[in-house]
Amino acid sequence: MDASPLHIVCFQWFAMGHLTPFLHLSNKLAKRGHRISFFVPKKTQTKLQHLNLHPHLITFVPITVPLVDGLPHYAETTSDVPFSLFPLIATAMDRTEKEIELLLRDLKPQIVFFDFQYWLPNLTRNLGIKSVQYFIVNPLTLAYFGNGARQSQGRELTEADLMQPPPGFPDSCIKLHAYELRFLVATRKLEFGSGVLLYDRLDIGTRFADAIGFKGCTEIDGPYAEYLQIVYGKPVLLSGPLLPEQPKSTLEEKWVAWLGGFKAGSVIFCAYGTLKSPDGFESIEEALPKGFRERVHGRGIAYGGWVQQQLILEHPSVGCFITHCGAASITEALVNTCQLVLLPRLGVDHITNARMMSTKLKVGVEVEKR
């Protein structure tokens, strides 16, 4: 006999790279009959509507993003600000705690899925609600770099510490470059909103959540999930890779027309995540070198706005994808036939994604940086 449908809340970090995979997860859960209340910043709803494949079961619940000194009044997600202001987005998210408590008291869900809200497990426990900290990164990232796995090494980790895997780590697939080690050591000291270090923000949520979840599958991520289950002493669940279903929308006509002018498999699509305009320029296009547009006219185009990446990757003209190795981009790339070139940006999960794809799975080629 099938279990009764659940009412689940999804409350994720205010970034499109998190909102999108959480909505993919919501679609999978709704497909099994579960009801989802999807918390999302008010003005960001329109960017996600086309990905809601079960609107009768998935309800967008608008969240008011509080004002924070230094944060533009229009800012809701990381797409609206440069990286230096991401901690202020985190502060704004933390200030929604009272609103979230009122919503949870009213909605009365059985489970809340969250990621960066370290304060949420205590809140849900007081309300008799189960919490699952769901990571859109693979378990490898948390297993190698997380505070829990490296607790015995203390808080002040050095580059030499990070060159070696933590005690009991299941393999040796991660090899780090010197410039990556410098970055990774620095990120461990990064304050990420409300006076909380980034790694503490994640680790506190992991330690107090009822369970941990990852976007991954047993065949690839099983050993790291089992390792984390030992480290934290609680269930570690794998949702599967959350392969995106066909969106209801179609590719914008301007891209259909442009891509339609090329032979099958001949276009290289390069997407480098969320990029902000350089200082002194209103847009990415305005910042292009003089004469660039003329030189590439008819065979190339640079665009700084949001695009329907999943639909572009499915277009038959696209034969190669150069990616920054974000989790969502990697998943969308793996379900398409284009060749994969890995150019990871400096981000913890971007680095591990690149090593996993190139060294262990051998499904792409990583660009060597010096």
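Which residue in β2 does C10 stand opposite? C10 stands opposite F38, and the views below, taken from a predicted model, begin with the strand pair that holds these two residues.

**Figure 1. Pairing of strands β1 and β2.** Strand β1 covers residues 7-11, and β2 covers residues 35-41. The two strands run in the parallel sense and are joined over 5 bridges. Within this pair, F38 of β2 lies opposite C10.

**Figure 2. The two faces of strand β1.** Side chains in a regular strand alternate between the two faces of the sheet. From β1, one way is taken by H7, V9 and F11, and the other way by I8 and C10. Residues on both sides are buried. Because 5 of the 5 residues of β1 are buried, the strand is largely enclosed by the rest of the structure.

**Figure 3. Helix α9, residues 198-208.** The helix is mostly covered, with 8 of its 11 residues buried. The buried residues are L198, Y199, D200, R201, L202, D203, G205 and T206.

**Figure 4. The protein chain around these elements.** The chain contains 15 helices and 11 strands, and buried residues account for 52% of its 370 residues. Its C-alpha trace spans about 60 × 50 × 50 Å along the principal axes. The radius of gyration is 21 Å, which agrees with the value near 21 Å for a compact globule of 370 residues. Of the contacts between residues at least 6 apart in sequence, 65% join residues at least 24 apart.

**Figure 5. Surface and charge of the protein chain.** Carbon and sulfur atoms contribute 56% of an accessible surface of about 18000 Å². The mean positions of the 37 positive and 35 negative charges lie 2 Å apart.

Definitions and conventions
Residues numbered from 1 in each chain as written. Predicted model: local features only at pLDDT ≥ 70, side-chain atom pairs only at ≥ 80, totals over all residues. Heavy atoms only, no water. Buried < 20%, exposed > 50% of the residue type's maximum accessible area, 1.4 Å probe, protein only. Helix = DSSP H or I, 4+ residues; strand = E, 2+ residues; numbered from the N terminus. Rg over C-alpha atoms; globule rule 2.2 N^0.38 Å. Contact = heavy atoms within 4.5 Å. Areas by Shrake-Rupley, 256 points an atom, 1.4 Å probe, with all protein chains shown as cover. Lys, Arg positive; Asp, Glu negative; His and termini not counted. Charge placed at Lys NZ, Arg CZ, Asp CG, Glu CD. Pairing = 2+ DSSP bridges.
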